[in-house]
Amino acid sequence: MIFAAGFGTRMRPLTDDRPKPLVQVGGRTLLDRALEIGIQAGAAPVVVNTHYLGAQVADHLAGRDVAISPEPDLILDTGGGLRRALPMLGAGPVMTLNPDVVWSGPNVLSALQAAWDGDRMDALLALVPVARATARKGAGDFAMDQAGRITRQGDHVYAGAQIIRTEALHDIRDQVFSLNLLWDRMIAGGRAFGMVHPGGWCDVGYPEAIPMAEALLDA
């Protein structure tokens, strides 16, 4: 699943007339770059959720083998959005990808698949050390022990890609909620893990980050 419903507030004024996933980096939209990662990793089905200027995303994807999960009345955040899309995604663990980042190096979703251990894991998050998190503003999100288990606060940034079990989404009563709620439960149970992405990574969350992302891609 690709999360494409957000308002892109930090990316204004570029998002005044387009959704953030349709902002271009290096001549291609962020959404197309994310889709390429998913396709190369063999993801199927592929679902994209929409809200802000969602018709533009739907038009951009017209004719492709991609399902749209619209959130027309209320943006549901990552947890609520993923739960809404589950009928399209099917049972079992799901790969999710944030489109507002740029990667270099190995395909992150393929690497997550190779590292996934369903006997031990309810979630496997791609992480990047803060020191290598290009254009990142703020501190790290997680610490990781020698076994790969994660806890809150540390020197690693969530990189916007993961594999996650979805069964517990149905236990949450809120309509709008973040996947952080699910992560916290998985962390408490010792079943949330991290995988460090060895390549480059750039947070394309604001206009000034675009040249940095393009430099990363050209390196």
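Predicted model: local features only at pLDDT ≥ 70, side-chain atom pairs only at ≥ 80, totals over all residues.
1. The residues concerned are L30, R33, A34, I37, L97, N98, P99, V101 and W103.

2. Two elements, helix 1 (30–40) and strand 7 (101–103), each give two or more residues to the lining of the largest cavity. Helix 1 gives the most, with four residues.

3. As to extent, the largest cavity has a volume of about 40 Å³, and a search of the whole structure finds one cavity of 30 Å³ or more.

4. Helix 1, which contributes to that lining, also packs against another helix. Two packed helices are described by the angle between their axes and the distance between the axes. Here the axes of helix 1 and helix 2 (residues 54–61) come within 11 Å of one another and cross at roughly 50°. The handedness of the crossing of helix 1 and helix 2 is right-handed.

5. At the residue level, the contact brings L31, D32 and L35 of helix 1 to V57, H60 and L61 of helix 2. By class, the residues of this contact of helix 1 with helix 2 divide into four nonpolar, one polar and one charged.

How values were computed: Residues numbered from 1 in each chain as written. Heavy atoms only, no water. 1 Å grid on protein atoms, 1.4 Å probe; cavity = no way out; pocket = protein on both sides within 12 Å on 5 of 7 lines; lining within 4 Å. Points joined across faces, edges and corners; volume = space filled by probe spheres on them. Axes fitted to C-alpha atoms, helices over the stretch in contact; angles between N-to-C directions. Left-handed = near helix turned anticlockwise from the far one by under 90°. Contact = heavy atoms within 4.5 Å. Nonpolar A, V, L, I, M, F, W, Y, C, P; charged D, E, K, R; others polar.
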